[in-house]
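Trainee: I would like to go through this model step by step. Please define each term when it comes up.

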Amino acid sequence: MRSPSRSRARLVALAAVVSLLAAACGSDAPDDDAADDADTATDAADDDAGTDDDAADDDAAADAGHDLGPITVYSGRNEELVGFIFDDFTAATGIDVEVRYGDTAELAITITEEGPASPADVYFGQDAGALGALESQGLLTTLPDDILDQVDPLFRSRDGNWTGTTGRVRVLTYNTDNLEEADLPDSIFDLADPQWQGRIGWAPTNGSFQAFVTAMRISEGEDVARQWLEDVIANDPVLFENNTAIVEGTARGEVDLGITNHYYLYRFLAEDPDFPVANHFLPGDIGGLVNIAGVGVLASSEQQEAAFELVRYLLSDEVQTFFGQETSAIEFPVRDGIDAPQLPSLDEIDPPDIDLSNLEDLQGTLELLQEVGALS
Amino acid sequence: MPMPTDEPQGVAPAASPDDTSRTAEVAVAATGSPAVTWEAPDASEPPGPRPDARAMGRGRLARRDTHPVIWLPAAVIAAAMLIPAVYLVIAAAELDGGRILDIVTAAETRRLAGRTLLLGSSVTFASVLLGVPLAWLTVRSDLPARRFFAIAVALPLVIPTYVGAFTLIGAFARGGLIEDWFGIVPPSPYGFWGAFTALTLFSFPYVLITVQSGLRGLDPSLEEASRLLGHGPVRTFLKVTVPQLRASTAAGALLVLLYVFSDFGAVSMLRYSTFTRGLYIQYRSAFDRAPAALLGLLLVAMTIAVIVAEARLARDRGGQFRSRGPTRPAPRVALGAWRWPAAAACSVVVALGLVTPVTVVVYWMVRGLAAGEQVNLAFGAAGRSLLAAGLGALVGVLAALPVAIWSSRSSSRWARLIERASFTGYALPGIVVAFALVFVGIRVATPLYQTLAMLVFAYVVLFLPQAIGAIRSSLLQVTPDVEAASRSLGRSRLATLQRVTLPLARRGALAGGALVFLTALKELPATLLLAPTGYDTLATRVWSATSEAFYTRASVPALWLIMLGSIPLAVLMVRERREIDRS
């Protein structure tokens, strides 16, 4: 026998499923629910950055690009960080943007697998290596000079096929309960010292770590890089899956210091102001390599003008200032004259003179890491 | 068709009048002629009330009775399942011979293969030890809060391993929540034992769910007969119940083993390097698909080896095919003094596999809310997940039915081969299948590329064996005599299929659909690359937030995943209750 209460429960369940599916279909018109989500992110960002009056300026510009687009962006940068920037771009230019988020490397490989039919117009990644791989396969088009001229040569491709949008610096993060900043080394090479036995966290499978090793192979030579890796491995470093995990492990005291990028820390501090970790910069040292998050326009794109507009927008005052000041992910603006008040200036960091376009031999770095046993 | 009821795996009968035709069949299989030639005469038979006297007279029904409506779609589906393997061959062909030899013989390759097999076999062993007793307890005993446990012990399956491993680290690592709250230092979650524990916890439900389904399909009269003959409950369980569960246990165990082959999330976070992790590192570090593709092919080779071994190990030794289907639900076994210890054992599993992750997730939410973070309720993402995973389960079951029916009702080598071919997509890392479908999809099915249809197809390629295994084991529980009876009573093959076989497959289809739904819900790599642009789901939300350490934002979609995941488990439960009500 079917009891009335069970039929009612079934009705309720059915209604719940129908309404969820309705929510899903509703947002197939791109704005509905996705925009709601983005709004919360934008509101939060606006509160932080104090850019509430942008909307008024946007309306004037909104007519300019109405005949351009829509464009599709493959973004290896995270929706939580950059999602609202695309919405603001559409509001400012009238160019519609569709974004596919994913892993930086996986999206770059996807573009190579797709070939000339790729739906992507713009690739936005957080590693110069991925952009360099697309460039070397001839999949990116040369950016106009007005874009390239804005950017410090340190932050863009030598051949002009991609440009950085923000800089990120390799640092040592350290546990502030266990170490004073004065205890920390001034060079990444000092981590070979036995006093760091069992106290180092690293992520050798991570793209930015491998970019750093590639840079070290170029600037210091293959043998020095191998020796450094072997010395660090002799100190039994703790292997983490990614930079986020390093920062967390450092906070828990699993390790005293970690080799990572500078910007992960700020997110933890946003959720927990007492988070016991700080950044230690390595001025003038190869361990303080500056890498980029950057953007390229696909050679196969039929919307290159609209795509260039997006690149210009990413380099605009608003967006550069936002990245320099946003509380949960402060990165280095790539244009001169934009402030990042909480970060040391580029002069203070004195980044090593490495051309990011030269970081091509990724397979060589991978094999070196395998040979010294860093990946196991 | 030589199909003695005890020999579903095609073991040659000792001596039968069919030996000549059997020889002929082997010869055909050896020359590679398609099974079509065997079915063609049947296809031309006039349908009608006249029983197939020739077939009946020789007791041969199974394969001859396979209608083209079954084997034709099965063959097409199997071909589609081979897309990833074909892609890997194309990609690996870019390497020259010397490089191939280098990679295949590299010490690193051997090491990774050894570790993968070690982890896979130990997780599978533990999953069987955990899954079979828990299935029995939650289906056939008077365990306290039995219905709650039946769902709760299966739910760890819905937790993506990248979240599950992450929460285990958050709880068990040095300075984690357990040390923080209780002041005790728990065992380290890293290395082999960490990966072993996490993968066992989050994948043993494959065994649990298929065996639960198997138990619900048992004919209780066999056990009653054993008891009436004077055997005790333990002996009855071991000698009567367990043999009948062999097919469903083997199906679940194979799913666990091959899942371990393909997992990336847990092994990478818990620092135990396996083949799949090596493959991911190769892909992501060097942007070069060829060496990664070669590693993928080696993984396919390992999968084939495992499947061949499984086919030998799980070969029927009697004990199946005795049932006419459950005529009525089996009575619950009273546990007596063991009731509460059994409940405690179930609680431990629930505590580790469900309560720990949920606690960590809720902790993230509370901590973030306290710090003034905003929480998005993610209704849209939940709906999109429900839609995509629901369609994946539906299409997956529809595609699995012909393959499962053919392979469980025919001893044709082709049937078995096609069923096994479907495992390649499942055992490969999701990212490989995703790239394969990108490469093939954009060239062959351009209008469908990056549409919902493409995503659903990807789910089917990835998860079809889950549905096949469940349906096949539910059919193997019932003797083909049932269908033979239907034919002898004058029903056509199609009518028999519709009125007899499909209803018998329904229980397995539900369990299989539930498995596909649960795994599609949490699927990440293919969803990121093949869903319509902007189609964010719960899994992509969780990934997106956790990968950048926005844990508060990950909490709501993670809880949604667990809630939606309990839907199919609840459906299985309700059906069981309805059957009891009916009796």
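Mentor: Start with contact: two residues touch if their C-beta atoms, placed from the backbone, lie within 7 Å. The model is predicted, so local features need pLDDT of at least 70 and side-chain atom pairs count only at pLDDT 80 or more, while totals for chains, interfaces and linings use all residues. Residues are numbered from 1 along each chain as its sequence is written, and chains are lettered from A and ligands numbered from 1 in the order in which they are written.

Trainee: Which residues does Gly294(A) touch, not counting residues up to four places away in sequence?

Mentor: Residues up to four places away in sequence are left out of this list. What remains is Gly125(A), Ala128(A), Leu131(A), Trp162(A), Thr163(A), Gly164(A) and Thr165(A).

Trainee: Is Gly294(A) buried or exposed?

Mentor: A residue is buried if 20 or more other C-beta atoms lie within 10 Å of its own, exposed if 12 or fewer, and partly exposed in between. Gly294(A) has 29 other C-beta atoms within 10 Å, so the residue is buried.

Trainee: In which strand does Gly294(A) lie?

Mentor: Strands (E, at least two residues) and helices (H or I, at least four residues) are DSSP runs, numbered from the N terminus. Gly294(A) belongs to strand β10 of chain A.

Trainee: Over how many bridges do β5(A) and β10(A) pair?

Mentor: Two strands pair if DSSP finds at least two bridges between them. Strand β3 (residues 122-125) of chain A pairs with β10(A) in the antiparallel sense over 4 bridges, and there Gly125(A) stands opposite Gly294(A). Strand β4 (residues 140-141) of chain A is joined to β10(A) by 2 bridges, also antiparallel. For β5(A), where Thr163(A) stands opposite Val295(A), the pairing with β10(A) is antiparallel and the number of bridges is 7.

Trainee: Which element gives the most to the side of domain 1 of chain A that touches domain 2 of chain A?

Mentor: The domain bounds come from an automatic or database domain assignment, which gives domain 1 (32-167 + 291-341) and domain 2 (168-288 + 350-371). In this contact 22 residues of domain 1 of chain A meet 16 residues of domain 2 of chain A. The elements giving two or more residues to the domain 1 side are α5, α6 (128-136), β5 (162-175) and β10 (290-298) of chain A. With 4 residues, the one that gives the most is α6(A).

Trainee: How many charged residues are on the side of chain A that touches chain B?

Mentor: In this interface 55 residues of chain A are in contact with 50 residues of chain B. The largest share of the chain A side, 7 residues, comes from helix α5 (residues 104-114) of chain A. Ala, Val, Leu, Ile, Met, Phe, Trp, Tyr, Cys and Pro count as nonpolar, Asp, Glu, Lys and Arg as charged, and the others, Gly among them, as polar. By class, the chain A side has 26 nonpolar and 14 polar residues, and the number of charged ones is 15.
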